[in-house]
Amino acid sequence: MNNDRQQLNVLSERIAGFLTFIRDRFDLHEGKEDELETIEYIRKNVEFRGANLWILIFAILVASVGLNVNSTAVIIGAMLISPLMGPIMGIGMAAGVNDFELIKKSMKNLGIAVLISIMTSTLYFSFTPLADAQSELLARTEPTIWDVLIALFGGLAGIIAGSRKEKSNAIPGVAIATALMPPLCTAGYGLATWNLYYFLGAFYLFFINSVFISLSTYLIVRFMGFPKKEFIDSQRERRVRNYISIFIVITIVPSIYLAYNIVKRTLWEKSAKEFVQMEFDFPSTQIITSNFHYEPDSSTIEVVMVGQRIKEEEIASMQKKTEAFKLNRTFLLVKQSGDTGMDMNMLRSDVLKDRYERNEAMVRDKDQKIAFLEREVAQYAASTGMVVDLAQEARVNHKDLIAFSVNRTVVANLLEDRQDTVLVAVATFSNTPGKPETDRLKSWLKVRTKADSISLILDQ
């Protein structure tokens, strides 16, 4: 009985020690800045005026150029100098400390920043000679579940870093990861080109990012126990608390609903792509384009094909298979060459585009193979020249050497199931050399060629 009690005590002590270790490792209070200093630090970054405003305008112009020329490096640079994170984190922190005045100030400055950003990017895209939407720009027209997760986790990292005594580069990193500026630039592109879809999609992405960064800031502020703003008038305090509670509900509930819809759409698109890949596999028919249109009540998979026509019975059979891919309430629309109302110009354009992309991929593949072969030929030529030089140098130290060859080869190590590259040297002497001379030749060859491993073969 005593033994059982002792073992139980030992186990309890170990569990307590392990929990203490975990608590110490993950303690957010260690190295934390004074709460009031952190609040003041975030409050200062909320304001948009003077230099801060000019930095925003120039950062937007840099990001717009990056999107216009499809340069990821330029876009990242623009996000590094962007001051957009300030008012977004200010909203979350103000909600966490019951500072309604700071919420209003943060929202006002965020509104100013968004308005100026969209106006600046719209102005740029109205005059730029490069009017085509590049891949970097198109990637900001529609949010996915990954954007939601990045904004949430990035916001958590940002507020934790902002609450430290020693400020790190986490906040600029969050600005890069959550990509706040490119969606605003894309929204400006949508206005400049009168493309409502681009404008709404990009602004939706910015809204999602902003909401979840603010939400993560609010959660950390409450978790770390930041002091709430005190009021002399208890009725005013209660009124402010109610306003903030309403604001939080209005912000969080729609964002959760939006995130839920994004998850559903992401999963649907994944299943739709798998369905097209697996079911539309015909030897004499080729897919030109496939488009996926998701709606909560009725979604559409549109496939354009050329070649041998697919019978209506087969299309009906594939329509029934959509349920097996969890594509409920999904309508299958198959367009084939020869269909009434088929836009032949568009089909021809799609065929040419597909052929161009395939040919471009083939050219890239051939270029890579040519480059590889050129490297192999160059290495062979270098090895050939090296053999003559090595043979002549070796003859100086070994008078009986009459033939010499060296080459790199691959040896399969069957015991360790791996491959090794070995420098193999074949030497022919007029008189059989002794071990000291062969060792000297091998050592010289290793130094001369800088090879890791050498195999010397004596040819009698």
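The model described here is a predicted one. Within this pair of strands, Thr-285 lies opposite Gly-307 of β2. The strands belong to an open sheet of three, arranged in the order β1-β2-β3 with mixed pairing. Its edges are formed by β1 (285-293) and β3, each of which pairs on one side only. From one strand to the next, the twist of this sheet averages 20°.

An open three-stranded sheet is also found in the order β4-β5-β6, again with mixed pairing. Here β4 (401-413) and β6 (454-458) are the edge strands, each pairing on one side only. The twist from one strand to the next averages 25°. Strand β5 (residues 418-429) and β6 run parallel and are connected by five bridges; Val-426 stands opposite Ile-457 in β6. Helix α15 (residues 435-449) packs on this sheet and touches β4, β5 and β6. The direction of α15 makes about 140° with that of β6.

The chain as a whole contains 15 helices and six strands. Of its 460 residues, 38% count as buried. When contacts between residues at least 6 apart in sequence are considered, 73% join residues at least 24 apart.

The largest nonpolar core comprises 55 residues, and the members with the most contacts inside it are Leu-84, Leu-180, Met-181, Phe-206, Phe-212 and Ile-213. Helix α11 (residues 196-223) supplies the largest share of this core, 11 residues. Beyond residues up to four places away in sequence, Leu-84 touches Phe-48, Leu-56, Ala-113, Leu-180, Met-181, Leu-184 and Phe-206.

The axes of helix α3 (residues 51-69) and helix α10 (residues 181-192) come within 9 Å and cross at roughly 75°. Because angles of 65 to 115 degrees count as roughly perpendicular, α3 is assigned as roughly perpendicular to α10.

Ser-214 is located in helix α11. With a relative accessibility of 10%, Ser-214 is classed as buried, because that value falls under 20%. Leaving aside residues up to four places away in sequence, Ser-214 touches Ile-88, Ile-91 and Gly-92. Ile-150 lies in helix α8 (residues 145-162). The relative accessibility of Ile-150 is 37%, and this residue therefore counts as partly exposed. Although Ile-150 and Phe-212 are 62 residues apart in sequence, their C-alpha atoms are 9.0 Å apart in space. Phe-212 is also among the residues with the most contacts inside the largest nonpolar core.

A search of the whole structure identifies 11 aromatic pairs. One of these pairs is formed by Tyr-124 and Phe-125, with a centre-to-centre distance of 5.2 Å and an angle of 80° between the planes, in an edge-to-face arrangement. Phe-125 has a relative accessible area of 7% and is therefore buried. In the pair of Phe-275 and Phe-325, the ring centres are 5.3 Å apart and the planes stand at 80°, so this pair is likewise edge-to-face. The pair links distant parts of the chain, as its two residues are 50 residues apart. Phe-275 belongs to helix α12 (residues 234-279), whereas Phe-325 is in the loop between α13 (312-321) and β3 (330-336). Both Phe-275 and Phe-325 are buried. Ring pairs also link Tyr-124 and Phe-125 with Tyr-189, Tyr-197 and Tyr-198 into a cluster.

Methods:
Residues are numbered from 1 along each chain as its sequence is written. This is a predicted model: local features need pLDDT of at least 70, side-chain atom pairs count only at pLDDT 80 or more; totals for chains, interfaces and linings use all residues. Side-chain values use heavy atoms; hydrogens and water are left out. Rings of Phe, Tyr and Trp (its six-membered ring) pair if their centres lie within 6.5 Å; planes under 30 degrees apart count as stacked, over 60 as edge-to-face and the rest as tilted. Buried means under 20% relative accessible area, exposed over 50%, partly exposed in between (1.4 Å probe, protein chains only). Helices (H or I, at least four residues) and strands (E, at least two) are DSSP runs, numbered from the N terminus. A nonpolar core is a set of buried Ala, Val, Leu, Ile, Met, Phe, Trp, Tyr and Cys residues joined through side-chain atoms within 4.5 Å. Contact means heavy atoms within 4.5 Å. Two strands pair if DSSP finds at least two bridges between them. Axes are lines fitted to C-alpha atoms, for helices over the stretch in contact, and angles run from 0 to 180 degrees between N-to-C directions. Angles under 35 degrees count as roughly parallel, over 145 as roughly antiparallel, 65 to 115 as roughly perpendicular and the rest as oblique.
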